[in-house]
Amino acid sequence: MKINVINVGNKVQEKDLKEYCSGLKKRISAYAQINDIVCKNEKELQDILKNLKNVIILDVEGESLNSNQFAMLLFQDITFVIGPHDGFSENTKMELRKKCKFISLSNLTLPHRLCKAVLLEQIYRGFCKNNNHPYAK
């Protein structure tokens, strides 16, 4: 199984948060190959997405899922996209809605670095649930 996490724009810079995300990716790797992809802008993202299926856009206006519903997404190769810090343009959002599912990790707007940490935490939690492995905090 393969999971892609695409960031449009920023990488996680803070040392503590970067280490936390690295630790989560290491735990996730017991269940799936996980790839970090950083693209510069929306156009580059559109080019990358042309070759991918099962793309989930993380957006505050997306569908709210609980942890069990989120875990159900993890039975196939999947790509999660964390959008640009100021959000997607309306044109890009309209194009993405035609071929991608939109979900929300929170009703709050999360900064890139925190969104990535929450996403990785939920991916790890989901794999633990799906594999009857106790979730370790």
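Visitor: How do you know that the span of helix α5 is close to the one expected at 1.5 Å a residue?

Guide: This is a predicted model, in which local features need pLDDT of at least 70, side-chain atom pairs count only at pLDDT 80 or more, and totals for chains, interfaces and linings use all residues. Residues are numbered from 1 along each chain as its sequence is written, and side-chain values use heavy atoms, with hydrogens and water left out. Helices are DSSP runs of H or I with at least four residues, strands are runs of E with at least two, and both are numbered from the N terminus. The expected span is 1.5 Å times one less than the number of residues. Helix α5 (residues 112–130) has 19 residues and reaches 27 Å from its first C-alpha to its last, close to the 27 Å expected.

Visitor: Why is α5 called largely enclosed by the rest of the structure?

Guide: A residue is buried under 20% relative accessible area, exposed over 50%, and partly exposed in between (1.4 Å probe, protein chains only). In α5, 14 of the 19 residues are buried, so the helix is largely enclosed. Across the 137 residues of the chain, 41% count as buried.

Visitor: What makes the radius of gyration of the chain agree with that of a compact globule?

Guide: The radius is taken over C-alpha atoms, and the globule rule is 2.2 Å times the number of residues to the power 0.38. For 137 residues the rule gives a value near 14 Å; the chain has 14 Å, which agrees.

Visitor: How many helices and strands does the chain have, and in what order do they run?

Guide: The chain has five helices and five strands, running β-α-β-α-β-α-β-α-β-α from the N terminus on.
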